[in-house]
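Reader: I'd like to go through the labels on this model one by one and hear what backs each of them. Can we start once the structure is up?

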Amino acid sequence: MGTGSGRGAADPVEHGFPHLETVRDAIAALHRRLSYETLRTWDPSLSPAEVAFADDDELHLGVQQVAAAVVRHYRLPEARVIVSFREMEHAANVELEAGPEYFVELNTRFKTHRRDVGAALAHEVAHVLLHRLDLAFDTVGENEILTDTAAAYLGAGWLLLDAFRQDALTSQKLGYLTPEEFGYVLAKRAELNGEDPAVRFTSPQAYDAYVAGRALAARDRRQPPLTAAGWATRARYAKDRKLALAGRPPVPRPNAAYAFDSGSPPRVSFRCPTCLRRIRIPVRGRVRARCSSCRSVLECDA
């Protein structure tokens, strides 16, 4: 398992939210496995000082110190991560065995690109955490998205977004999420614990991606059947609700905020804007829904 390779000018960086539903599933899975209370009290984000080492520092000692900081942040006191370097296609790779030692290989380019070692290790050690939690999705691609999401939601993945840099000649990105998807996850973390990740960014492109992701995260609280939804989305919801009440639920649209079933009475399902777990309520007008995962009380007009 490994992080996505750095990208050059000939390999354009993907943008937007192509993995959004999997990202949302990943955040919901973290809430189910770790609990809302645990996630709210998770340590503040890794600081730049914890993952930095100078070009004139001894290479392997510096890398081991960064790895140890990432391990501590993920609350893995028993895990010893041994880091080595080799030529490879991807940025990094981790071997997941029973432990207590885990072996991470970094691409040799990180010997001279030390500012991004913390980003690569944030992803690889997140693999270790998920392995210990026995939390996984069905496919390799989904698991990589889960890993990036976990890193960002637990306070280490801002490093992966900050590794996104572009200029007139080159571009670089680490991880499997798009920059905007990283921004979305970081915004959801900020909603959870009030921490502003933007103060840590050194890359202007990372900040722009965070702003885009933050805007989408804010829209989660303005989607039907929530009463804070805007007029246009409420009008669309009213048409779909009419079909559902007539026994003809509309076909769900990709990334739709809600979906109806064909029960009697029909129910509408939607994601809790806090923990992104799916909630189902009867279609019967104004109601307060309580999320069983994070206990948010949601004002709805179903």
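Predicted model: local features only at pLDDT ≥ 70, side-chain atom pairs only at ≥ 80, totals over all residues.

Reader: What makes Ser35 partly exposed?

Author: Buried means under 20% relative accessible area and exposed means over 50%, with partly exposed in between. Ser35 has 24% relative accessibility, so it counts as partly exposed. Ser35 also has a positive phi of about 80°, although it is not a glycine.

Reader: Which other residue has a positive phi although it is not a glycine?

Author: Asp134 does, with a phi of about 55°. Most residues other than glycine have a negative phi.

Reader: Why is Asp134 called exposed?

Author: Its relative accessible area is 71%, and exposed means over 50%, so Asp134 is called exposed.

Reader: What makes H4 mostly covered?

Author: Of its 17 residues, 15 are buried. Helix H4 covers residues 117–133, and from its first C-alpha to its last it reaches 24 Å, close to the 24 Å expected at 1.5 Å a residue.

Reader: How do you know that Asp220 and Arg24 form a salt bridge?

Author: The rule asks for a side-chain nitrogen of Lys or Arg within 4 Å of a carboxyl oxygen of Asp or Glu. For Asp220 and Arg24 the closest N and O atoms are 2.9 Å apart, so the pair passes as a salt bridge. Asp220 lies in the loop between helix H8 (204–219) and helix H9 (231–245), and Arg24 lies in helix H1 (residues 20–34), so the pair ties together parts that are 196 residues apart in sequence. Both residues, Asp220 and Arg24, are buried.

Reader: How many salt bridges does this rule give?

Author: The count comes to 19 salt bridges. Among them is Arg189 with Glu195, at 3.1 Å from N to O; Arg189 is buried, and so is Glu195. Another is Asp301 with Arg234, where the closest N and O atoms are 3.2 Å apart. Asp301 lies in strand E10 (residues 297–301) and Arg234 in helix H9, so this pair ties together parts that are 67 residues apart in sequence. Asp301 is buried, and so is Arg234.

Reader: What makes a network out of salt bridges?

Author: Shared partners do: they join Glu21, Arg24, Asp25, Lys188, Glu191, Asp220, Arg221 and Arg271 into one network.

Reader: Which residues form the negative surface patch, and why is it called negative?

Author: Asp55, Asp56, Asp57 and Glu58 form the patch. Asp and Glu count as negative, so the patch takes that label. Asp55 lies in the loop between helix H2 (36–40) and helix H3 (59–73). Patch members need over 30% relative accessible area, and Asp55 has 62%, which also makes it exposed.

Reader: Why is Ser171 called buried?

Author: Ser171 has a relative accessible area of 8%, and buried means under 20%, so the label holds. Ser171 lies in strand E5 (residues 171–172).

Reader: What makes the peptide bond from Pro224 to Pro225 cis?

Author: Omega is near 5° for that bond. Pro225 lies in the loop between H8 and H9. Most peptide bonds are trans.

Technical notes
Residues numbered from 1 in each chain as written. Heavy atoms only, no water. Patch = residues over 30% accessible without salt bridge, like charges linked within 9 Å, V, L, I, M, F, W, Y side chains within 5 Å. Areas by Shrake-Rupley, 256 points an atom, 1.4 Å probe, with all protein chains shown as cover. Charge placed at Lys NZ, Arg CZ, Asp CG, Glu CD. Helix = DSSP H or I, 4+ residues; strand = E, 2+ residues; numbered from the N terminus. Buried < 20%, exposed > 50% of the residue type's maximum accessible area, 1.4 Å probe, protein only. Expected span 1.5 Å × (residues − 1).
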